[in-house]
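I opened the notebook to look up how the chains meet and how one of them divides. The entries follow the order of my checks.

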Amino acid sequence: MLKSKQKLFLTGVFKWIIALLVAFLILFPLYWIFISSITPSGELFQRPINYLPENPTLSNYIFLLKNVGLMNKIISTVIIIGITLIVSTIVSIMAAYAFARYNSLGLNIAFLFILFSMLIPNVVTARPLYDFMRKVDLYDTYPGLIILYISQVIPFTVLILRNFVNNIPISIEEAAAIDGANFFQMIFNIVLPLLKPAIATVAITNFIICLNEFFIPLFYANNIQVLSTAITQLPLQGNMYSVPWDLVSAMGWIIILPIIIFVAVFEKQIMDGIMAGGVKA
Amino acid sequence: MKKNKSMLLIAWLLVLPALVIRGFTIIYPIFATFKISFYKVSLLRGINEFVGLQNYLDVFKDPKVLTAIQFTFIFVVVSMLLHIIFGVILALILNMDFKGRRFLRTIVLIPWAMPMVVIGMAAKWGFNNDYGLVNDFIRRFFANFELSWLIHTNTARFAVIAMDVWKDLPFFAILVLAGLQFIPNELYEAARVDGATKVQAFLKITLPLIMKNILILSIPFTMWRLASFDIVYAMTSGGPGSDTELIAYRITTEVFTNLNLGYGATLAVLLFIAMLIFSSLNLYVANKK
Amino acid sequence: MKKNNYLLILVSITLLLFGLSFSISAADYDLTLYSILTTDPDFSDWLNDVETATGLKINVIAAPTNSDTRQQKVTTILSSGDSSIDILELNDEMASSFKNSGWLAPLQAQVLTADILKYFPDGYVSDMITSRQGDIIGVPGYSGYLAFWVDQQKLDKYGFDSIDNKEDFIAFAKAASVDGNYGYGGSWERTYVFNEIATFVNLFGGDYFDWTNPANKEAIQFMYDMVHKWQVTPIEQLADKYEQLNQKFIDGKYAMIFMWGTGAEYRAANRYGQDQIHMAMMPEFKTRSIFTDSWSYVLNSASKNKEAAYKFLRYVAGEQGMLSAWDNFDRFPARSDVAKEIPENEITKMYQRYSEECIVRGRPMAPQTMEFITQMGTIFQQAMQDKITIDEFCQQAQSFVEQYK
């Protein structure tokens with residue numbers, strides 16, 4: 001009895017050691033970036049690194065708040081991501097439902113088109129797309145950017161949601177139809193409530209993907225600027241050719257802090273979503 | 001499945017917005033890229049002429065591209081191997097039944113949620129010999145350790161791959177974990193009754209069952225790797241020499257910096273074809289299993 | 001009912017966000033400026049100066065300061081005929097790349113008229129910002145030198161008064177290479193190193209565009225020897241850009257370097273001064289030559305606000321504009337007449353000496369500059385790492401010159 005208890009204790013300790021090791025590998029670099037951002041520049045470059053700065057300072061953050069125009073960037077980020085999430089979710093639910101419930105050669109081809117278009121890397125289409133966006137007057141506009149963001153998240157979202165719809169037994173809908181529910185009642189009263197967790201997951205995941213999107217706002221806009229590209233705009237030092245690490249680290253933390261908070265709050269939804277919608281053998 | 005005509009019409013109406021938006025941003029650029037790949041376009045020299053397959057032939061004589069293809073190959077293969085090996089291990093760790101499980105799962109999501117550009121810029125300093133985190137850590141154990149990671153071909157390549165794994169491995173592991181839970185517990189119990197050890201149970205039950213899962217997962221992860229350029233963009237700019245240039249980075253350089261639009265498009269078409277072949281192959285293998 | 005409420009909320013959020021997006025973009029401007037200086041703390045003061053003096057209302061867009069990204073953005077904007085940006089700031093690399101492309105409007109008639117032009121450095125204007133047709137396409141925003149910087153503490157410690165020639169340079173480099181420190185420091189990252197290659201080629205009296213010239217080979221051999229034979233500079237600097245180089249110099253790892261700017265980094269780290277880190281006269285190897293650089297304001301040919309743009313450019317090319325740039329950004333005036341007006345200090349004095357005692361040159365650029373620079377940097381790194389010989393380097397360099405020039 002005692003022996004198995006001891007064994008249990010030892011495996012417990014063992015599990016914690018491994019878990020802490022993993023946590024350390026992930027968190028420590030982030031901590032290092034953080035202390036770099038609050039160490040005064042005179043103390044910053046020391047060998048060995050001083051992991052507890054003697055005179056912590058927020059001057060880098062204050063500098064960035066004053067000079068990088070963060071407020072504008074936050075507002076445009078919110079606008080773009082807000083609309084993108086709403087529209088892309090609605091559009092994707094519709095498509096996913098249709099792909100899951102109806103079957104025809106044309107629809108299958110359409111589905112494959114969406115799926116395979118995922119394969120096309122952004123860099124491949126970047127320059128023609130740039131010319132195209134300018135031709136149709138959507139370059140550097142909110143509608144233009146939003147369309148690009150939505151287009152970016154559609155394939156993955158449709159794929160995941162289709163898996164979810166497939167998991168809803170069709171008999172529920174058939175029963176409702178027999179009870180005299182019309183199409184819209186069926187969608188709103190039956191399908192959507194069942195899809196709620198899936199929608200939450202997709203929205204949360206897309207939120208993070210959009211927040212991190214770097215290529216689209218960088219290449220398809222000038223006036224409109226979002227948070228993720230702010231790291232390319234840090235002030236140059238006197239020689240006009242170099243960007244200082246203390247500001248890079250501070251900007252990095254401004255960008256990743258909301259992400260960390262978000263992940264911590266929604267851990268369960270993200271996890272459940274990935275688990276349920278993920279690939280099934 | 002519902003099948004009458006009016007129903008099909010509804011289906012198409014439901015699909016239409018997604019198709020239109022996707023098509024709007026994809027179709028023209030693809031055709032334009034394909035077309036321009038047969039032209040020699042150098043905006044800086046004001047050249048724009050049809051050259052047929054010349055660009056395609058030039059690719060295989062261009063040492064920069066060959067280096068990029070070589071490193072892309074190494075990058076994808078090594079990174080994917082590490083993903084699979086450590087991904088399974090990490091998935092098992094995340095599946096452990098203990099009090100810190102939630103905490104661990106939360107932390108593991110963080111690197112996945114971070115922008116690559118921030119990670120890359122930090123990594124450039126992180127691998128610096130004098131001021132970097134990596135060597136500082138190693139020096140706590142080996143006081144005289146000196147190595148500038150980013151100036152030697154192999155260590156620079158290793159550093160790039162390491163950062164890539166650091167960022168994406170957790171996400172891969174979570175997806176593997178998703179597959180793990182579909183394995184019914186009875187199988188393990190049966191194995192235990194038969195006197196199998198944990199390692200035996202893992203090799204005989206877990207691994208075969210998640211293998212197909214891993215193969216399917218590997219498709220998007222391989223695609224992302226083939227098309228990734230931001231890590232190199234932020235971390236090494238392709239150096240030392242051009243040893244850490246990925247093919248997608250080469251394309252951005254040709255198209256956006258050197259303005260050799262035709263040549264860049266050719267590389268883009270070739271990359272696309274490679275991805276198509278690869279994913280079809282992968283799907284085929286996965287379905288056969 | 002409840003579901004309809006959800007829908008209502010969603011629709012109103014969407015409308016609200018759209019409304020917000022329109023209200024932001026509804027401002028009216030005379031001119032759009034794409035600037036790398038927006039994040040400078042004194043930028044708003046400078047902009048204020050400009051707007052008061054010209055009466056223009058200027059829309060400022062922050063350009064990426066990260067060099068790769070900026071290069072790609074600017075290249076894309078100009079090459080596609082994008083008219084949403086009127087004025088841009090270009091470094092030498094980009095200015096010389098674009099000067100013959102027709103993307104930049106000629107300025108000699110409206111802005112850089114003969115009476116002003118004579119005050120700008122001759123060689124620089126003709127090398128960097130004059131097109132094949134003879135159009136001047138940019139207004140230099142300042143004048144900078146790739147200056148020679150020394151650490152006075154090390155000079156004193158190893159008993160050197162000044163570094164006047166090659167022998168001094170080598171002797172000092174050797175003397176200061178002790179205790180894990182190095183005599184010479186460089187930034188040999190592949191897109192940065194060309195500044196130093198070209199500097200040494202010039203010092204040895206070579207010609208960057210002719211690699212059959214034995215002086216060029218001598219220069220590369222010299223750089224190679226610094227690493228391998230005398231070990232006075234570390235091979236690790238192949239990964240270093242200016243951030244890393246400056247930090248190491250500040251930390252006392254190096255005794256002398258070549259660097260742009262007027263020492264803001266050293267001042268920030270309390271290492272600037274005649275007894276600390278300071279500018280010194282260029283040493284004379286075979287020649288005593290020095291590179292000058294600038295960022296030029298250019299006018300996008302596609303611009304629809306040319307009149308306003310001329311007004312702006314006349315201001316930055318004028319005395320007031322130059323002085324405001326000096327006050328706010330420490331940018332040394334590109335015009336010789338204005339340079340005399342600013343109060344004398346050790347920097348202005350040294351700049352004066354550079355311009356009088358050295359052979360001042362613009363950096364060697366080619367039409368496809370970035371490609372050329374990267375190629376040279378790549379083979380240079382290979383040569384320093386013994387992957388190719390110095391002779392092979394010279395051969396390949398010559399073929400790149402022929403390909404890109």
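I count as helices the DSSP runs of H or I with at least four residues, and as strands the runs of E with at least two. I needed that before reading any helix percentage.

**Entry 1: confidence.** I am working with a predicted model. I noted its scores, ipTM 0.85 and pTM 0.85. For chain C I looked up the mean pLDDT, which is 90. In that chain 97% of the residues reach 70 or more.

**Entry 2: annotated spans in chain B.** I checked the UniProt record for chain B. The unreviewed entry places "transmembrane region" at residues 68–94, 106–127, 169–188, 209–227 and 263–285. Over residues 209–227 of chain B, the chain is 95% helix and 0% strand. Its end C-alpha atoms are 29 Å apart.

**Entry 3: chains A and B.** How many residues does each chain bring to this contact? I found 73 from chain B and 72 from chain A. On the chain B side, helix α1 (residues 5–36) gives the most, with 18 residues. I sorted that side of chain B by class: 54 nonpolar, ten polar and nine charged residues.

**Entry 4: chains A and C.** I turned to the contact of chain A with chain C. Here 33 residues of chain A touch 42 residues of chain C. Which elements of chain A give two or more residues to that side? They are α2 (41–44), α4 (70–101) and α6 (122–135) of chain A. The most comes from α4(A), with four residues. By class, I logged 17 nonpolar, 13 polar and three charged residues on the side of chain A that touches chain C.

**Entry 5: inside chain C.** I took the domain assignment of chain C next. It gives domain 1 as 29–141 + 296–331 and domain 2 as 145–292 + 366–404. Each domain is therefore listed in two segments under this assignment. I read 30 Å between the C-alpha centres of domain 1 and domain 2 of chain C. Eight residues of domain 1 of chain C are in contact with eight residues of domain 2 of chain C. On the domain 1 side, helix α4 (residues 92–98) of chain C gives the most, with three residues. That side of domain 1 of chain C has two nonpolar, four polar and two charged residues.

How values were computed:
Residues are numbered from 1 along each chain as its sequence is written. Chains are lettered from A and ligands numbered from 1 in the order in which they are written. This is a predicted model: local features need pLDDT of at least 70, side-chain atom pairs count only at pLDDT 80 or more; totals for chains, interfaces and linings use all residues. Two residues are in contact if their C-beta atoms, placed from the backbone, lie within 7 Å. Ala, Val, Leu, Ile, Met, Phe, Trp, Tyr, Cys and Pro count as nonpolar, Asp, Glu, Lys and Arg as charged, and the others, Gly among them, as polar. UniProt positions are given in the numbering used here, feature names are shortened, and annotations may be inferred rather than shown by experiment. pLDDT is the predictor's confidence in each residue, from 0 to 100.
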